[in-house]
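Welcome, and thanks for taking a look at this one with me. Please load the model and keep it beside the text as you read.

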Amino acid sequence: MADGDAPAHAGRATGPPARLTGAAPGATRRRWRAWRRSRPFWGGLLVALGGAEILVTLRAPLPVILHIGPQGLAGYLGPVILLLCGVLLVAHPPQRVFYALVSLVLALVSWLTSNLGGFFVGMLLALVGGCLAFAWTPVRKPRPGTTPATHPATTLPIPVADGRHRREVDQT
């Protein structure tokens with residue numbers, strides 16, 4: 001190798017090559033993306049972040065609101081359940097509607113019990129995450145042997161110049 005020549009491995013990522021790990025380049029990213037899309041990931045993450053933020057603001061040394069007795073317990077119990085709902089949204093997607101509704105109610109209750117919902121930030125994070133999780137639907141794959149439904153725009157009659165209608169089968 002001459003002085004000006006770069007080594008053969010310059011510019012490549014470090015770590016074991018794909019041929020040694022058995023995975024194609026980018027296969028891990030595709031698997032992660034497929035896993036993430038199979039569940040309400042972003043909704044669960046936002047709910048968990050909202051619960052964590054509300055919990056942190058309860059422990060802040062700011063004398064904004066004093067919690068004594070049962071209300072103090074509710075102040076700690078709500079964010080912990082929000083955090084748990086965020087984790088369960090990601091871990092167990094079939095029960096997403098229940099967890100999303102619980103997180104929405106707890107986010108609204110945190111307005112009264114937890115320093116104005118973690119100074120609005122935690123409450124808004126939990127509300128947006130709960131809405132995302134509630135609206136998320138799994139992608140349904142067509143059963144083998146069936147044809148996928150056609151797009152509704154392809155079944156509308158299209159007027160022809162002489163006043164008759166004709167049907168377009170495939171507009172794409």
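This is a predicted model: local features need pLDDT of at least 70, side-chain atom pairs count only at pLDDT 80 or more; totals for chains, interfaces and linings use all residues.

## Overall layout

From the N terminus on, the protein chain runs α-α-α-α-α-α-α-β-β, which gives 7 helices and 2 strands. Residues are numbered from 1 along each chain as its sequence is written, and side-chain values use heavy atoms, with hydrogens and water left out.

Of the 172 residues in the protein chain, 27% are buried. Here buried means under 20% relative accessible area, exposed means over 50%, and partly exposed lies in between (1.4 Å probe, protein chains only). The accessible surface of the chain is about 12400 Å², and carbon and sulfur atoms hold 67% of that surface; such areas come from the Shrake-Rupley method with a 1.4 Å probe, and for residues only the protein chains shown count as cover. Among contacts (heavy atoms within 4.5 Å) with a separation of 6 or more, 66% join residues 24 or more positions apart.

## The nonpolar core

A nonpolar core is a set of buried Ala, Val, Leu, Ile, Met, Phe, Trp, Tyr and Cys residues joined through side-chain atoms within 4.5 Å. The largest one here has 14 residues, and V47, L82, L89, A107 and L127 touch the most other members. Two or more residues each come from α3 (41-58), α4 (70-91), α5 (96-113) and α7 (121-135), with α5 giving the largest share, 5 residues.

Leaving aside residues up to four places away in sequence, L89 touches P40, G43, G44, V47, R96, Y99, A100 and A133.

## Aromatic pairs

The whole structure holds 6 aromatic pairs. Rings of Phe, Tyr and Trp (its six-membered ring) pair if their centres lie within 6.5 Å; planes under 30 degrees apart count as stacked, over 60 as edge-to-face and the rest as tilted. W32 and W35 make a stacked pair, at 5.3 Å centre to centre and 25° between the planes. Both sit in helix α2 (residues 27-37), 3 residues apart, about one turn of the helix.

W32 also pairs with F41: the ring centres are 5.5 Å apart and the planes stand at 85°, so this pair is edge-to-face. F41 is buried at 14% relative accessible area, whereas W32 is partly exposed at 42% and W35 is partly exposed at 34%. Ring pairs link W32, W35, F41 and W42 into a cluster.

Helices α3 and α7 each give two or more residues to the patch, and α3 gives the most, with 3 residues.

Most residues other than glycine have a negative phi. F120 is not a glycine, yet has a positive phi of about 70°. F120 lies in the loop between α6 (115-119) and α7, and is partly exposed, with a relative accessible area of 41%.

Conventions: Helices (H or I, at least four residues) and strands (E, at least two) are DSSP runs, numbered from the N terminus.
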